[in-house]
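Please read them with the model open beside the text.

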Amino acid sequence: MQKFSWDDLKVVVAVGEYGNLSRASDALAMNHSTLFRRLGAIESALGISLFLRRRTQYVPTVAGAELISLGHRIDDDVTAVMQNITEEIRGFSGEIRITTSDALLNDYLNPLIASFASSNPQISFQVSIGNEAMNLFDGGADVAFRATSGAPEHLSGRKVGTAVWAVYGLSRQWKDKAVTLECLKEQRWASFSHSMSKLKAFSWIENTIPAQNIVFRGDSVLSVASALSSGIGIGLLPCMHGDQARGLVQISPVLNDISEELWFLAHPDVRKSAKIREFMNHCIQYITENRSRISGIAP
């Protein structure tokens with residue numbers, strides 16, 4: 001085992017990929033008979049058979065398949081490290097794919113992207129908007145920025161803050177008015193559609209506000225904010241959005257029991273990318289330095 005080397009692993013991978021010694025020897029620039037002896041020596045040293053010999057094909061055994069898989073992982077890791085080293089020397093380049101909600105893009109991400117892009121002009125961004133959970137395992141995005149009650153265990157993430165919520169209404173109707181929660185319950189309300197039922201705000205409204213008083217439902221924070229700005233009714237908004245919305249005013253205390261944590265999430269393998277790490281670190285630093293201005297709430 002101590003004599004097993006990276007060159008030995010490359011032999012096993014090549015034979016496994018090509019399925020016979022002729023093509024594998026060509027790929028390795030090695031004589032056919034030399035490869036035959038080399039593979040035999042590797043199996044003898046390990047004390048196990050790595051391939052089943054068929055008339056025209058070498059079929060990996062369980063042990064052979066595990067070594068082939070190991071070789072692929074090592075090759076991927078080496079490629080990623082070399083790419084990261086190159087990027088750090090020459091500057092970051094390529095595309096970063098982000099999934100988030102419309103409100104988080106508007107309130108947080110656009111200024112973050114702009115500040116990062118100014119010092120990394122070779123980076124481009126592709127942003128997809130959706131309130132449903134994005135499975136980062138399917139390769140649809142590199143990074144997710146979400147308001148959630150907790151990060152999934154299988155993802156690598158950083159909590160960067162908390163989104164607190166309150167009731168908002170038209171400033172011209174509610175500014176400087178002292179109102180109780182019981183009074184607010186009797187008003188006309190704009191709420192969220194069932195596609196956003198995972199929001200604590202959705203559940204709070206469903207459990208607190210009479211159904212007949214809910215006169216509008218939207219499938220995003222921005223759609224509800226637009227309804228409030230149009231005078232359709234009052235409703236719950238994240239303070240980071242409601243405090244910046246023209247024509248709206250906060251008319252209730254912050255409802256701490258419906259707050260949501262803000263997370264940057266990525267698949268652990270994606271976090272190996274130097275540009276993804278750099279972008280996420282930049283975002284965390286930017287939010288820390290500009291928390292008051294971005295959210296409208298004092299740190």
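1. By the rule that a side-chain nitrogen of Lys or Arg lies within 4 Å of a carboxyl oxygen of Asp or Glu, the count comes to 7 salt bridges. One of these joins Lys-10 to Asp-7, whose closest N and O atoms are 3.5 Å apart. Because they are 3 residues apart in helix α1, Lys-10 and Asp-7 are separated by about one helical turn. In general, side chains of opposite charge can pair when their charged atoms come close.

2. A word on the basis of these notes: this is a predicted model, in which local features need pLDDT of at least 70 and side-chain atom pairs count only at pLDDT 80 or more, while totals for chains, interfaces and linings use all residues. Residues are numbered from 1 along each chain as its sequence is written, and side-chain values use heavy atoms, with hydrogens and water left out.

3. Helices (H or I, at least four residues) and strands (E, at least two) are DSSP runs numbered from the N terminus. The axes of helix α1 (residues 6–18) and helix α3 (residues 32–46) come within 10 Å and cross at roughly 115°, where axes are lines fitted to C-alpha atoms, for helices over the stretch in contact, and angles run from 0 to 180 degrees between N-to-C directions. That makes α1 roughly perpendicular to α3, a term that covers 65 to 115 degrees.

4. Which residues of α1 and α3 meet? Asp-7, Asp-8, Val-11, Val-12 and Val-15 in α1 meet Leu-35, Arg-38, Leu-39 and Ile-42 in α3, contact being taken as heavy atoms within 4.5 Å. By class, this contact of α1 with α3 has 6 nonpolar, no polar and 3 charged residues; here Ala, Val, Leu, Ile, Met, Phe, Trp, Tyr, Cys and Pro count as nonpolar, Asp, Glu, Lys and Arg as charged, and the others, Gly among them, as polar.

5. Helix α2 (residues 21–28) also packs with α3, at an angle of about 100° and with the axes 9 Å apart, which makes α2 roughly perpendicular to α3. On the α2 side the contact involves Leu-21, Ser-22, Ala-24, Ser-25 and Leu-28, and on the α3 side His-32, Leu-35, Phe-36 and Leu-39. The residues of this contact of α2 with α3 divide into 6 nonpolar, 3 polar and no charged.

6. Turning to the sheets, 5 strands form an open sheet with mixed pairing, in the order β4-β3-β5-β12-β6, where two strands pair if DSSP finds at least two bridges between them. Strands β4 (123–129) and β6 (156–163) stand at the edges, each with a single partner strand, so one side of each is left without a neighbour in the sheet. The twist averages 20° from one strand to the next.

7. Within that sheet, β3 (residues 94–100) and β5 (residues 143–148) pair in the parallel sense over 2 bridges, and Val-143 in β5 is the bridge partner of Ile-98. Helix α5 (residues 102–119) packs on the sheet, where α5 touches β3, β4, β5 and β12 (260–266), and its direction makes about 175° with that of β4.

8. An open sheet of 3 strands has antiparallel pairing and the order β10-β7-β11. Its edge strands, β10 (235–238) and β11 (248–250), each pair on one side only. Strand β7 (residues 165–170) runs antiparallel to β11, joined by 3 bridges, and Leu-170 stands opposite Leu-248 in β11.

Conventions. Angles under 35 degrees count as roughly parallel, over 145 as roughly antiparallel, 65 to 115 as roughly perpendicular and the rest as oblique.
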